[in-house]
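Subject: Structure handover

Hello,

Here is the structure I promised to pass on. Please open it first, then read the notes below.

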Amino acid sequence: MKRIAWGITGSGDLIKETYETMVDIKEKSEIDIMVFLSREGETVMKWYHMWNDIQKDFPNFKTEGGPNSPFIAGPLQVGHYDALIIAPTTANTVAKIVYGIADTLVTNVVAQTAKGSTPIYILPVDQKRGSVKTFSPEGREMELKMREVDVTNTEKLAQMENISILEKPDDLYDILGISKD
């Protein structure tokens with residue numbers, strides 16, 4: 001059985017699409033998904049009215065107590081999990097990873113996992129120059145302009161060892177070998 005660790009950061013952009021994809025993958029497969037949330041990931045899940053959903057769909061999820069609490073980095077580094085997925089990922093988390101800052105649960109887990117052979121897949125929300133359409137917690141469509149610094153950091157992230165960039169939530173099906181249909 002495949003085991004993956006899925007980290008959720010404080011991004012509202014793509015959170016609903018990513019969450020729906022991961023629930024679908026869970027229902028279509030035997031993959032064991034261990035979910036962990038950054039402090040801001042918890043905030044966003046509540047703000048987007050998804051807190052009850054995560055408790056129902058992934059009842060054993062973990063929340064951040066500090067950069068190494070709960071202890072996730074070690075098992076990922078030694079290959080207990082088949083993959084680490086961080087999706088969606090804020091510009092702040094991407095910047096910290098790019099510059100080697102490991103002061104949160106998510107950034108520490110990525111830093112330590114990158115030292116081993118467990119593959120890391122990251123879905124940054126700030127990928128392409130220009131604007132993107134997203135949705136507010138109430139479902140209202142919004143347009144966000146990507147900042148140059150954030151897109152540049154995503155480009156740097158793509159060059160890092162043992163890290164693969166996902167372009168969209170549906171890419172999760174391919175990396176996990178699950179049919180979308």
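A crossing is called right-handed if the near helix is turned clockwise from the far one by less than a right angle, and left-handed if anticlockwise. Helices (H or I, at least four residues) and strands (E, at least two) are DSSP runs, numbered from the N terminus.

On sources: this is a predicted model, where local features need pLDDT of at least 70 and side-chain atom pairs count only at pLDDT 80 or more, while totals for chains, interfaces and linings use all residues. Residues are numbered from 1 along each chain as its sequence is written, and side-chain values use heavy atoms, without hydrogens and water.

**Helix pair.** α5 passes α6 in a right-handed crossing. Helix α5 spans residues 91-98 and helix α6 residues 105-113. They pack at about 40°, axes 10 Å apart. (Axes are lines fitted to C-alpha atoms, for helices over the stretch in contact; angles run from 0 to 180 degrees between N-to-C directions.) Thr93, Lys96 and Ile97 of α5 meet Val106, Thr107 and Val110 of α6. Contact means heavy atoms within 4.5 Å.

**Sheet.** Six strands form an open sheet, ordered β3-β2-β1-β4-β5-β8, with parallel pairing. Two strands pair if DSSP finds at least two bridges between them. β3 (62-63) and β8 (163-165) are the edge strands. β5 (residues 120-124) pairs with β8 over three bridges. Ile120 has Ile163 in β8 as its bridge partner.

**Helices on the sheet.** α1 (residues 15-28) touches β1, β2, β4 and β5. Its direction makes about 165° with that of β1. α2 (residues 39-47) lies across β1, β2 and β3, at about 95° to β2.

Best wishes
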